[in-house]
Amino acid sequence: MKHELLLQPPPLHHAGYDFIGDIHGQHGKLLQLLHKLGYEELNGIHRHPEGRIPVFLGDLLDRGPDVRGLVHRVRTMVEADAAFCILGNHEYNFILLHTPDRQGGCCARGQKKTCASARPLTVPSLGTRKN
């Protein structure tokens, strides 16, 4: 029996990529952008009819009016293999804020601006979403 090692890269499953960064809680503006780029929504997941896929370049958190809705939308798309997402510095700082240090504080100590802006957004608020 002959064994061969296939050394080809996996087939390209996407017709292209749309790189989207620094959304900062602007859920409504993200929906407008996806629509403008030709994405169609079905069951809360946006897909492009030509097979394009969005790549979210971090900084989903902070500043905007609907961080929770935005994170839920992006997470749903990523879990459905309809998008990719990487952490930005705002997500990293949020994680640090909720990671206890040895003195009983948070690992983001010394970053007062980050702590102040991230405190209203708690870890449980990013979990289950009620519609």
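**Salt bridges, a sheet and a buried histidine**

Good morning. Let me begin with Arg75, which counts as partly exposed at 48% relative accessibility. This is a predicted model. Arg75 forms a salt bridge with Glu79, and their closest N and O atoms are 3.0 Å apart. The two residues lie four residues apart in helix α2, so about one helical turn separates them. Glu79 is exposed, with a relative accessible area of 57%.

A search of the whole structure finds three salt bridges. Another of them joins the side chains of Arg73 and Glu41, at 3.0 Å from N to O. Arg73 belongs to helix α2 (residues 67–79) and Glu41 to strand β2 (residues 40–42), so this pair ties together parts 32 residues apart in sequence. Arg73 counts as buried at 13% relative accessibility, while Glu41 counts as partly exposed at 48%.

I turn next to the pair Asp18 and Arg52, whose side chains meet in a salt bridge at 2.8 Å, N to O. Asp18 is in strand β1 and Arg52 in strand β4, 34 residues apart. Asp18 is buried, with a relative accessible area of 12%, whereas Arg52 counts as partly exposed at 25%.

Now to the sheet. Three strands form an open, parallel sheet in the order β1-β4-β5. Its edge strands are β1 (16–20) and β5 (84–85). Two bridges join β4 to β5, and Val55 stands opposite Phe84 in β5.

Finally, where is His48 found? His48 sits in the loop between β3 (45–47) and β4 (52–56). His48 is buried, with a relative accessible area of 11%. The side chain of His48 reaches the backbone oxygen of Leu37 at 3.0 Å. Thank you.

Definitions and conventions:
Residues are numbered from 1 along each chain as its sequence is written. This is a predicted model: local features need pLDDT of at least 70, side-chain atom pairs count only at pLDDT 80 or more; totals for chains, interfaces and linings use all residues. Side-chain values use heavy atoms; hydrogens and water are left out. Buried means under 20% relative accessible area, exposed over 50%, partly exposed in between (1.4 Å probe, protein chains only). A polar contact is a pair of N or O atoms within 3.5 Å; within protein, one must be able to donate a hydrogen and the other to accept it, and residues adjacent in sequence count only if both atoms are side-chain atoms. Two strands pair if DSSP finds at least two bridges between them. A salt bridge is a side-chain nitrogen of Lys or Arg within 4 Å of a carboxyl oxygen of Asp or Glu.
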